[in-house]
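Please take a moment to look over the chain from one end to the other before reading on. The paragraphs below walk through it region by region.

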Amino acid sequence: MKRRDLVFYLPVAVAGGFFAWFGVRTYNLRFRPRPEAGTPTWKAGPRVAVARLGELGVWQARPFLYPLPLGELKAFLLRLPEPAPGGLSVGEEHYLALSRICTHQGCTVNFVPDPEAASLLYNFRYERPFLGCPCHFGAFDPLLGGKAVYGPPRFPLPRLRLEAEGETLYATGHEVPLRPMEGG
Ligand code: FES
């Protein structure tokens with residue numbers, strides 16, 4: 001190949017590589033199917049009071065720490081407008097507890113209550129509040145049991161088991177595998 005040809009082919013190859021990378025990235029971010037949260041397999045753990053019934057409004061979230069052998073797991077309790085897979089319903093009140101450890105690379109996810117405002121930050125428009133990861137802008141849907149719905153994460157956020165006794169909600173265990181802490 002002559003030097004003159006190289007001047008032509010090199011930029012073409014670079015541009016082709018860029019568009020191929022961009023296409024794969026767009027597919028992975030928006031369209032590649034991700035596993036459903038499904039029915040959880042629980043591992044029993046300590047019994048920790050997390051809220052009183054009626055204390056949280058719909059679409060309110062409360063952070064809490066759940067003790068594990070290797071430390072405390074950051075988690076959220078959310079009150080939802082309808083039942084979610086792996087959650088607990090008490091009469092008309094629907095709850096879900098989720099790990100806050102992102103299943104992509106382990107950053108701490110936040111509750112994003114205003115999807116309109118978040119659409120600017122995350123470049124992702126969603127129809128309801130979600131859990132968002134500030135590291136690479138992954139998003140998880142609580143109404144789908146914590147399923148990953150946008151960004152690099154593939155797997156759902158692990159759930160914590162909830163039980164109600166009297167007027168109190170307790171976390172009593174966690175889903176396995178506890179990604180990313182227990183493989184997967
Ligand atoms: S660590 Fe959460 S999206 Fe990458």
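Is Phe22 buried or exposed, or does it fall in between? In this predicted model, Phe22 is partly exposed, because its relative accessible area is 40%, a value that lies between the limits of 20% for buried and 50% for exposed. Phe22 belongs to helix 1, which covers residues 3–31, and together with Phe18, Phe19 and Trp21 it forms a nonpolar patch on the surface, with about 470 Å² of accessible area for the four together.

The UniProt record, in an unreviewed entry, lists residues 65–171 as "domain: Rieske". In the model this span is 7% helix and 45% strand, and its end C-alpha atoms lie 10 Å apart.

Within strand 3, which comprises residues 71–80, we find Leu80, and this residue is buried, since its relative accessible area is 1%. Not counting residues up to four places away in sequence, Leu80 touches Val58, Trp59, His94, Leu96, Pro142 and Leu143. One of these neighbours, Trp59, sits in the loop between strand 1 (41–52) and strand 2 (61–68), and has a positive phi of about 65 degrees although it is not a glycine. A positive phi, near 60 degrees, also occurs at Phe137, again a residue other than glycine. Phe137 is located in the loop between strand 7 (130–132) and strand 8 (139–141), and it counts as partly exposed because its relative accessible area is 31%.

Another loop, the one between strand 5 (93–99) and strand 6 (110–112), holds Thr103, which is buried, with a relative accessible area of 10%. A polar atom of the Thr103 side chain lies 2.6 Å from the backbone oxygen of Phe155. Leaving aside residues up to four places away in sequence, the contacts of Thr103 include Phe140, Pro153, Phe155, Arg179 and Pro180.

The peptide bond from Arg179 to Pro180 is cis, with omega near -5 degrees. Pro177 lies in this segment as well, following strand 11 (168–176), and the bond that joins Val176 to Pro177 is also cis, with omega near 0 degrees.

Finally, consider the charged side chains. Side chains of opposite charge can pair when their charged atoms come close. A search of the whole structure finds 9 salt bridges. In one of them, the side chains of Arg47 and Glu163 meet at 3.1 Å, N to O; because Arg47 lies in strand 1 and Glu163 in strand 10 (residues 159–165), this pair ties together parts that are 116 residues apart in sequence. Arg47 also forms a salt bridge with Glu165, where the closest N and O atoms are 2.5 Å apart, and since Glu165 lies in strand 10 too, the pair ties together parts that are 118 residues apart in sequence. Arg47, Arg161, Glu163 and Glu165 are linked in a network of salt bridges.

Arg159 and Glu175 are both buried.

How values were computed:
Residues numbered from 1 in each chain as written. Predicted model: local features only at pLDDT ≥ 70, side-chain atom pairs only at ≥ 80, totals over all residues. Heavy atoms only, no water. Helix = DSSP H or I, 4+ residues; strand = E, 2+ residues; numbered from the N terminus. Buried < 20%, exposed > 50% of the residue type's maximum accessible area, 1.4 Å probe, protein only. Contact = heavy atoms within 4.5 Å. Patch = residues over 30% accessible without salt bridge, like charges linked within 9 Å, V, L, I, M, F, W, Y side chains within 5 Å. Areas by Shrake-Rupley, 256 points an atom, 1.4 Å probe, with all protein chains shown as cover. UniProt positions renumbered as here; feature names shortened; annotations may be inferred. Polar contact = N/O pair within 3.5 Å; in protein donor to acceptor, adjacent residues only side chain to side chain.
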